[in-house]
Amino acid sequence: MSHARSEPEVHSRRVSLHIGASPEAAWKNVVRHWLERIGTRILQAKKPAAVVTASRSQAYFFRSRLLAEGKSLLAVKFLSPPQLRELLLRDGGQRVPLREHLRLILTVTAEEFASKSTDDKTVLVAKSIARDADRFLRALDELRAAGWTFDEIESPALREIAARFEQRVHECGFTFVHDADRAARAHAQPLFSNLLLFGFDAAHWPLWPLLHAATLRADKATVVLSDPRDEARDLDEAWVGTWEETFGPAEVIPGTNGESTASSVESLLVPASNVHFVIGRDTTQQARAIVALAAKFLADSHCERLGILFSGPGALPRLVATFLESAGIAHNDGIAHLAPSAFDDDAWRAWLELQQTPRLKALFRLLRVIEGRIFDELPVLKIEETLRRAYNDMLIDDIELLRDYCANGSDLRHGNAAARELEKIQVLPENATLAEFLSHTRTIFSKLRWREHWNELERLSRNWSDLLPGNFSKSSYLRWLRELLGAPTLERDDLGLHPYARVHLLAYGNAQGRPWSHLIFAGLNDEAWPALNDELAFIRDEQIDELNRQNKTLNRRASKRGRQGEGHCSLRDGKTLLLGPNEQRQIRRRQLFDLVESVSTGIAASASLYSEALPSRIANPSEFFSWLYFNTHGRGVSQQTLHSLEQQTRDWLKDWSPVDAQKVDSISVGRTGYAFDARRQLRPAGEYEFALRSPLDQEKSLRVTQWEQALRWPAIVWMEIFLGVEPDDDTGDAWAIATGQWVHRWLAHSVENGEKRKFVGVDRADEIRERIWKEAREFRERLAALCSGRGKVLPDWWRSGWSNALYIADCLAAKVSDLHDWSEMAVEYSLGEPSLIPLSEKETLRVRGRIDLILARAKSDQSQIGYKDLWVVDYKTGRQRGFSLKELRKKDTPQRKFRKQLIDGRGVQLALYALAVHALGAEHVQLTLLSPAEQLEPQFHLDDVLVQKDFWSELHRMQETGVFGMLGPVHTDFGFARSYPLATLPIDIDLLKEKWALTHPAFVLEEEEKVK
């Protein structure tokens, strides 16, 4: 293959270089003449002419100028650097990998070193890279772009990992992008008849090999360079010097209208009266101010091109674009906003979460979004219900073990069907090769009917997946899948798709190289502007100095004296400058001053008063904001200045909003506002406060536990009963729930026919204790066998919890064995469905529930339950204390204390049990809330319950009317608050208590009413 064009072409006649400081002068003296000349010859040329610009917005500027002058654009290609690379490499045979592929290969390499290396330092470095390969990959890219090999890396561990990574990339048939750019110079066949390069400077050193290759592939090339500035003179002079060393000296572009060709900003070129400063209290107010400034500038007759510049994508440019859309201002949104890819939906995210953590919660999320795709035997709700029961039984949320438990669990109604359905949900192996992972993925996608997902994945992994050897972790593979199929796309609003509009939203790095009549520098806060790609966090100052020293050393080695003699600096062939953080800061500073010089009429700067990350802290303005303010007003920026500017901005905006009021549904807003106000008025709960407007025709019955919760979280219970939505509480109290269920189940199974509401003799308590031990051991061995079948063992924490539950169950059984004056007992006694509790002739309370333990004596044929005298025991496995009506405070009575406990939601469950068995014929009932640490003795009696007539009547009114109301906090910084299943705005706690008292007077003590 010929290498004739890869050598420097000194004083080349094919390539002309031009240098100047003014974009307007470059347009008038070089670019326009070039386009005019090309327009007259292009139809006769066999090869196309091309214009390569550093950004698309620059190409739009050239197009708009040509269209304004009525010039033809026929057959002139406007290319961005990626498009240029695609053309140059089209026939080269090199395969440039996607960045996602490089991250995966680097991760696989790092995991291999972490598993095989015996050096602790190497292992730690490899694990760090495996967790986040992108940072190290960017460093390698910078090194390769500068033309250096990985031998320049000082750390032996990093150097070894980088070398192995490079080897694997080549084994997969890939070529690094910068190597491909350099190789493109070897092709002798010209691609372009004429080529124009514009807008490239020292910020584009990584593109030098590509631009050099493109210049060599053109019959004639014109390159427009920018004059070096003091802010980044060394970098810019090396850039210009390298072009001149390769293609000869540059011709100076004369200024327009007597302009100097030098670049220097000692003071603003725009009058101080045309420089505006706005400060928003937050991002939204700042966006409003920016759009208001844009409208003000557009009203100026001298406004030809208005640029709104940002440090990069984020909330501020998104809000500004939205407000411009609402205000009906056409614009070119050069930043755009991210939108999910075609594959990134709820099902995809749920599947990734399930594969990453194959646990119950992740499985439920997936089941809810793919129900109709793969399940045909059992509805998802039945599967969820079955799995929840299985989890509450075993307290292990491993999907494989839950599936086995369902298949072997005879006490689960739909266990076998649920297990068969779960067989359709497959999980990837923990470690495998890429080819094996892809094979498993294809099988899974086929069952999920994700044909498009697999087609895209197969296309992107074709011809190289088999070439990546070695096993690696599932988490790395899933990260690659997420990046590959879930990569977001860029979207713009309808009015943001106008490249020839007067208003342009751009990153400041893409706004250079053209004149502006007005510029708005937006978001000028220290924390946001200018943004660097690679800030070195958690590195000591001396380490940063060492890194900078290494950069300078490499850059000096890459530089040489040019052919023009002393002062002419250029880079050696195959090398570019390595741009570290210091170099990037110099370039950004130079870019900002270039932009200031390019403005002819007006400048504005905006910032936020408070930090976006810490809203309570004042956000410092950037150095550029301070420089601009000082040059305008002759004084610095203080916090008092910021507050004053924010007040002036607020007064200027007043109630102005870019949102078109005609687009707002005033009826909906009015209804929402009415509901908002109604919930905050001091009156009984109405239809907007978890209350029905009118009673339902259908009868509702609540579980006794729901009634107890209704006194604490009435809104949540109301949503559960009338809307059918339940909170997804994750209180971390799974142990307490499982322990209670185990204890209850073991006690129930220890009594023959325990589930059939039968009584047995109390004298069999010792036999019951033995059965409890047997039942508990069988349960443990059953789960141990399930774990063993999957190659797993029961965790130590599970065995410890099981031992604690067995101890509690044995303690409760021992307490019963000490009783001698009670003849019969029943455990897990189920009430009717529902159980009817008559309160008066017209009031009947409907409840459902199951009593833990009933002790009975004095048989009676007139009683439906069979006994006159009962002792109802509700045992708790946690730390909940029992009741004591004997320990009274001053001026307190047993009746008042019991009433207070009921109002607080304590004892409601036991009291309803007492009313239910009384309705079945029991005449004397004593009640106890029993915990393992307390003695089994009566705590209150049926008479204490019956005397609270108005309390039970109020529960009946809630049952019949559906008026519950709201009580308690929605969120709390300290303590526990249940999560609401639907979005609910909080209300002042004290106001809720007052409204609760008005809604349910029976739930307020008399003394409290008198105080109010």
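**Group meeting talk: a walk through a predicted model**

Let me start with one residue. E828 has 6% relative accessibility, under the 20% cut-off, so E828 counts as buried. Where does E828 lie? It lies in strand β21, residues 824-830. E828 has a positive phi of about 50°, although it is not a glycine.

A word of caution before we go on. This is a predicted model.

Now the whole chain. It has 1012 residues, and 51% of them count as buried. The secondary structure comes to 37 helices and 27 strands.

Next, a sheet. Six strands form an open sheet, in the order β3-β2-β4-β5-β1-β6. The pairing is parallel. Which strands stand at the edges? They are β3 and β6, the latter being residues 251-252. Each has a single partner strand, so one side of each is left without a neighbour in the sheet.

Zoom in on the β3 end. Strand β2 covers residues 49-53, and strand β3 covers residues 76-79. They run parallel, and four bridges join them. Look at the residues facing each other. A50 of the chain stands opposite K77 in β3. V51 stands opposite F78, also in β3. Helix α2, residues 56-68, belongs here as well: β2, α2 and β3 make a right-handed β-α-β unit. Then comes helix α3, residues 81-88. Helix α3 lies across β2, β3 and β4, with β4 being residues 192-198. Its direction is about 115° to β3.

On to a second sheet. This open sheet also has six strands, in the order β7-β18-β15-β8-β14-β9. Its pairing is parallel. At the edges stand β7, residues 275-280, and β9, residues 331-333. Each of these has a single partner strand, so one side of each has no neighbour in the sheet. How are neighbouring strands turned against each other? By 20° on average, direction ignored.

Is β8 enclosed or open to the outside? Five of its five residues are buried, so β8 is largely enclosed by the rest of the structure. Think about the two faces. In a regular strand the side chains alternate between the two faces of the sheet. In β8, L306, I308 and F310 are on one side, and G307 and L309 are on the other. All are buried, and both faces are covered.

Who pairs with β8? Strand β14, residues 503-507, runs parallel to β8, and five bridges join them. F310 has A507 as its bridge partner in β14. Strand β15, residues 516-521, also pairs with β8 in the parallel sense, over four bridges. In β15, L306 stands opposite H518, and L309 has F521 as its bridge partner. A helix comes in here as well. Helix α23, residues 581-597, lies across β8, β15 and β18, with β18 being residues 599-608. Helix α23 runs at about 135° to β15.

Now the nonpolar cores. The largest has 121 residues. Which residues have the most contacts inside it? W351, Y477, W480 and W746. The largest share of this core, nine residues, comes from helix α31, residues 796-817. Apart from this core lies another, of 65 residues, among them M719, L920, L991 and L1005.

Back to W480 for a moment. Leave aside its neighbours within four places in sequence. Its contacts then include E100, H101, L104, L434 and W464.

Last stop: helix α16, residues 380-394.

After α16 comes L395, whose phi is positive, near 60°. L395 is not a glycine. It lies in the loop between α16 and α17, the latter being residues 399-408. At 6% relative accessibility, L395 counts as buried.

Terms used: Residues are numbered from 1 along each chain as its sequence is written. This is a predicted model: local features need pLDDT of at least 70, side-chain atom pairs count only at pLDDT 80 or more; totals for chains, interfaces and linings use all residues. Side-chain values use heavy atoms; hydrogens and water are left out. Two strands pair if DSSP finds at least two bridges between them. Helices (H or I, at least four residues) and strands (E, at least two) are DSSP runs, numbered from the N terminus. A crossover is right-handed if, with the strands pointing away from the viewer, the path from the first strand over the helix to the second runs clockwise. A nonpolar core is a set of buried Ala, Val, Leu, Ile, Met, Phe, Trp, Tyr and Cys residues joined through side-chain atoms within 4.5 Å. Buried means under 20% relative accessible area, exposed over 50%, partly exposed in between (1.4 Å probe, protein chains only). Contact means heavy atoms within 4.5 Å. Axes are lines fitted to C-alpha atoms, for helices over the stretch in contact, and angles run from 0 to 180 degrees between N-to-C directions.
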